[in-house]
Amino acid sequence: MKNYRINALICAGTGCFSGGSAKILEALRKEVEKRGLKDEVELLQTGCNGFCARGPILVVYPDGIFYEMLGLDDVPKLVEEHFLKGRPYKAKMYTEPVTKQAIPKMSEINFFGKQVLVALKNRGLIDPENIEEYIARDGYKGMAKALTEMTSEQIIKEVTESGLRGRGGGGFPTGLKWKFCSQTKGDEKFILCNADEGDPGAFMDRSILEADPHSVLEGMVIGAKAIGASQGYIYVRAEYPLAVERLYIAIDQATQYGLMGDNILDTGMNFHLDLYMGAGAFVCGEETALMTSIEGKRGMPRPRPPFPAQKGLWQKPSVLNNVETFANVPQIITRGAPWFAAIGSEKSKGTKVFALTGTVQNTGLVEVPMGIPLRDIIFDIGGGITNGREFKGVQLGGPSGGTLPASLLDTPVDYESITKTGAIMGSGGMVVMDETTCMVDLAKFFLTFTADESCGKCTPCRVGTKIMLGILEEISAGRGKPGDIELLEDMGKDIIASSLCGLGQTAPNPVLTTIKYFRDEYEAHIVDKTCPAKACKRLTPAPCQNTCPIGQDVPTYTALIAHGRIAEAYEYIRMDNPIPATLGRVCVHHCEDSCKRAEIDKPISICALKRFASDANRDALRRVAKMAGKPTGKKVAVVGAGPAGLAAANDLAMLGHKVVIFEELPEPGGMLRLGIPEYPLPREGLRAEIDAILSMGVDLKCGVRIGRDKSIASLKEDGFDAVFMGVGAHRGLKLNIPGETGLSGVMDCTALLRQRNLGKLNQKPGDNVCVIGGGNAAMDAVRTSVRLGCKNVTIVYRRTEEEMPANPAEIHAAKEEGVRFEYLAAPLEIMGQGGKATALRCIRNKLGEPDKSGRRRPVPIEGSEFDIPCDFIVPAISQEADLSFLGEKHGYDISRWNTFTVDPTTLQTSVPGVFAGGDCVTGPATVVEAVAAGQRAAVSIDCFLKGVKFAGYKRPKPRAEVERILMTDADEKLVRPQMLEMKVADRKICFKEVELGLDKQQAMSEARRCLRCDIAG
C-alpha cells in the first residue's frame, strides 16, 4: 500500500456536492499534477462531513487541517501554500464566531470536538463507494462475529443489554422488538430499514446512507440473523438519489465480497436485500403504513395489535428499525454491550444523531451522548444564535414534535426528559429559532404539513387537524376570538387520544407546546391583534410600525414628510406618541433595526424624521389641550411622572377621565429628567411636551411621596376610582465587593446622574473615574464625567464590545470623547486609603460556556488581577424600582426582582383597581417600552372604569393612505444623511445638545428613500 505525505479528503455529501465539491476535487487533482505533487498528495472523496453549513469542506491529514466554503478560485493558493510550502491556508480556515480567531485543526473546532461518534464513526473518513475502506475501519467485523460465534439468542441478549432504543422516534427497546419477532413462529420473516425520513429539515438518515451505507447493511444482516430472516428491504425516499446510488453500490459490493447473498461467510446463512423507493408520503414513516406501501398498496396505517413482530409485511413476522438504529448495531456486537451502555444516561443509552438547523452559527449533522443538555448542543456545538439575536425556542422531533423555550435549555436530551416537556425526541430534527420567529406561525406551519400528510383513514386526524389549522389561520390573520386557545388545547388532546397511528397521535404537539410555553404570543394575536415577533404579515402592515412598542404610525408620517406636509406628519405622530420630540432623541429605534431599506443600503432615519417633524411643529403643542375627551366623572391617580405615568395620564385624559399625577421629586419627567443627561435630551423640549400633557386638565403634584404623604388607601378615600403605578427604576444595584461601602469616591450611576441633572453636581467628582458596566446608563455616566472635566475616564466591562448592551452609537461617541474601554475585566475590590477610594482591583476574564441568556459567561483567569488607579468609582450594572413606599403589609404580589406582578394582558396588580407598568413591572427597560406600558394601562383602566372586559390594546396599522412618490433617477442615488453634530472638542466641555437634527431638505430627501412597505405588493 502506497504511503502519501498528505491525504486530502473532500466531502461529497449532498450539501457539499451541490456546492461544487466534485468540481473542486477535479481542480485539485489537476493542480496537484501541475505542481508535481501527484506522488505526495492523495485526494479522496468522503461522505457527509457533518458541518453542512460550511461546505464544500476539505480536511487535510496527517494534521487534520480543516478548510471550509471552498471555491474553485481557492484551489491554486491552497495547493501552493499547504501542499507545496507546508503552510496551512488561513483564508479558508474556520473562524470562531465569538473570538473571530481562525482555528486550523478540525479537532479543535467546538462543532466537532464536543461530539461522540458511534453511528457516525466513519464520518468524513472513508469513501462510501469503496467497501475496502469500510472494512479497513473494522467494517463487517461485528457481522462476522455474529454469524460465526453467536447464536440468535446471544445477539438479542447483547443488543438488549446495550440499552439501544429505536432511533426513529418511538424509542422502543431494539433488543425487545427483535426478541418478540424471533419468538414468533413463521416460515418467512422480514427485516426492514426505514429510510423514509420525511421531517422538514431532517437529513440524519440520508447522510448516514450517503456517507457510510455499509454500516446499515451490516446492521441489517446481524438483525436478520437475530430474528431468522433471509430477506430485507430498505424503504428509501426517491428524493435521495445520492443515497440510493450509494446503497446500490454497497449492496453490489457486499454481494461480490460474499458478505451478502447466499451462504454468507460459509455459515449457511442466506440474506438478500432490496431497495423500495418511497414516493414521499410522510405517513409512510409509520411502520405499518410503510409495510403496506411495500406490498404495493396505498400507504395507510393498520390497527395494532397484531403488531408487526407477529404480522407485518405480507402478514409475516417482521422487524422495522430506522437507519441510525442499524448503524449502531455492528459496533455493539464488536465492542460489547457494556461499552455502549456506558455512554448516555441511565435509561437512554448511547448517542443520538441530530440535524441541527435554524438560526444557529453552526448547522449540520451532530452526534452527541444521550443526556447532554440542550444548551450544550445549541450554544457550544452550534456556536450560539446568528446575527447577535436572542434564543427563543427549539423545535424537537420534527413536525410532530414540540417547541421548548429558553427556560428549558438545561433539559437533558434523553427520551424521558424530552417527553416530560411535551416534545418528543423524534428521529432527530432540531430546529433553533430566534426572537423573529412567531410561535403561532410556527405551529401553523407544522400543522399544515401534518394535516396535508394525513392519510385520511381516521376521522380525528383527518378532520381534527384541519379544524385546528383553521383556528390557527384565523388567529394569525387577526381574527382570533376569546376561547380559541382553550379550544385548540381541548381538540389537541382529543386528537392525540383517539387517532389511529403515530401521525395523528403527535400532530397536535407543536400547537400544544407553543401554547404551553408561549401562550402570551397567542394572546397578543387574539387580544391585541399584534404579532410580537413581527412575522404575521396581516398584522404587520410595515415592519417598522409593528416593531415599535407603541405602534407608531411610521409609514404615514414618513410619507407625509416626503411630500413636504410636515404639519400633517406631526399631527399623526402625536396621535400615537405623547412625547415625540423626546423619543426622537432618546429612543433605541427598533423600527430602524427592522427597516427593509437596510437590505439595500442603510435603514431610514426614522427617529430623526420624528424629531424633525416634532421640532418643526413645537407650536402645535399649544393645541394639545383640545384633545382632552368629554369628562366621564371618573378620577385616576398616577403615581410617578416618568414616561409610563405621563403616557398613561395623556391617554386617560383623551378618554375624558380626570387624572392627577403624584410625583415625589420636585420636577416631572422621572428617569427622562433625572437619568438622561442634557446633551442628548435638552430640558426645554422635554418640559414643553410635559406641559402639553398637563394642558389637557391633568393635575401634577410634585414633592408628594405615596406612602409618606399619602397612602394608596387614602387615594381611594379621596375619590380616585383607579390607580396607576408608574414608578421607575431609580435605585442602583450594588456590586457587593469589598470597599463599596465606607469609602468616599464611590457613587452608583443613578445617583451620579440624578445629582448632575438636579444641578447638585457641577464640578468633576475626581480626576480618574472608573465606570463599571456596559449599558446605556454606563455610557451616560462616562460621557457626563468627561463633560465635568474628569481627566481619565474608563469603562470596565466583563465581556467584549460585541456583547455590550449599550447603543453602538453611544459606544462610538464615548470613544471619540476619549473614554478608555477595559474589556473582559471584572471588579474584585475597591481599594482605598485614608477613607478615600484610590484604585479598582480587577481580574481578567475569558469567555466560557453560554449562560441562560445565550451569551458566553465571563470566566475569571486565575492570577490575572490588576489595579486601575482611580479616585471616583461608579457602579452602573443595573437599577431596580424602590417599592419601599408600599410599606410592609401592602397586599401586592412582588416578584423576586422587586417588581410588581401584574396580569400580562391588563396590567392590573393583585389589588383590584390598581395597575402598574414600566420599569416597576419589567425592570429597567427603554423609554419607548415605558410609554407603551402607560398607553396599554390607560386602555385597560378605561375598560375597568366602564365595567367592560379588556378588549385589547391597539392594532398597529397606517392611519391614512398617502400617495407614493414616483422615484426619480436622483432619488435612486439618495443616501442616509449624516446628522450634524457638535465638534468633539466643543461637546466635551459642555452639556449642550450634541446632535443638531436634520433640516427640511434632508428630511424630505430621507423620507423619499422609504420603500413604502405599507403599500408594497
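Helix H23 gives the largest share of the lining of the largest cavity, 3 residues. The model is predicted. This cavity holds about 130 Å³ of space. Its lining has 16 residues. Nearest the centre lie Cys544, Cys595, Ile604, Cys1010 and Cys1013. Two elements give two or more residues to that lining: helix H22 (543-547) and helix H23 (554-562). By class, the lining divides into 11 nonpolar, 1 polar and 4 charged residues.

A search of the whole structure turns up 9 cavities of 30 Å³ or more.

Arg1012 lies in the segment after helix H39 (1000-1008). Its phi is positive, about 55 degrees, although Arg1012 is not a glycine. Most residues other than glycine have a negative phi. Is Arg1012 buried or exposed? Its relative accessibility is 6%, so it counts as buried, the cut-off being under 20%.

Glu963 touches Arg1012. It also touches His563, with residues up to four places away in sequence not counted. Glu963 sits in the loop between helix H36 (927-946) and helix H37 (969-972). At 62% relative accessibility, Glu963 counts as exposed, because the cut-off for that class is over 50%. Glu963 and Val874 are 89 residues apart in sequence. Their C-alpha atoms are 52 Å apart in space.

Now the pockets. The second largest pocket has a volume of about 1,400 Å³. Its lining counts 48 residues. Gly168, Gly169, Gly170, Gly285 and Glu286 lie nearest the centre of this pocket. Four elements each supply at least two lining residues: helix H8 (174-182), strand E11 (318-322), helix H16 (415-421) and helix H20 (502-506). Which of them gives the largest share? Strand E11 does, with 5 residues. By class, the lining of this pocket has 15 nonpolar, 23 polar and 10 charged residues.

Trp314 lies in the loop between helix H12 (287-294) and E11. Trp314 has a positive phi of about 50 degrees, although it is not a glycine. Its relative accessible area is 39%, so Trp314 is partly exposed.

Helix packing comes next. Helix H9 (residues 204-211) packs against helix H13 (residues 323-335) at an angle of about 45 degrees. Their axes are 9 Å apart. The angle makes H9 oblique to H13. On the H9 side, the contact is made by Asp205, Ile208 and Leu209. On the H13 side, Val323, Glu324 and Ala327 take part. The contact has 4 nonpolar, no polar and 2 charged residues.

How many residues of H9 are buried? The count is 8 of the 8, so H9 is largely enclosed by the rest of the structure. The buried residues of H9 include Asp205, Arg206 and Glu210. Met204, Ser207, Ile208, Leu209 and Ala211 of H9 are buried as well.

Another helical site is Asp376. It lies in helix H15 (residues 374-381). Asp376 counts as partly exposed because its relative accessibility is 28%. Asp376 and Ile467 are 91 residues apart along the chain, and 38 Å separates their C-alpha atoms.

The last stop is a pair of prolines. Most peptide bonds are trans. A cis peptide bond joins Gly55 and Pro56, with omega about -5 degrees. Pro56 lies in the loop between strand E2 (41-46) and strand E3 (58-61). A cis peptide bond also joins Tyr61 and Pro62, where omega is about 25 degrees. Pro62 lies in the loop between E3 and strand E4 (65-67).

Note on methods. Residues numbered from 1 in each chain as written. Predicted model: local features only at pLDDT ≥ 70, side-chain atom pairs only at ≥ 80, totals over all residues. Heavy atoms only, no water. 1 Å grid on protein atoms, 1.4 Å probe; cavity = no way out; pocket = protein on both sides within 12 Å on 5 of 7 lines; lining within 4 Å. Points joined across faces, edges and corners; volume = space filled by probe spheres on them. Nonpolar A, V, L, I, M, F, W, Y, C, P; charged D, E, K, R; others polar. Buried < 20%, exposed > 50% of the residue type's maximum accessible area, 1.4 Å probe, protein only. Axes fitted to C-alpha atoms, helices over the stretch in contact; angles between N-to-C directions. Parallel < 35°, antiparallel > 145°, perpendicular 65-115°, else oblique. Contact = heavy atoms within 4.5 Å.
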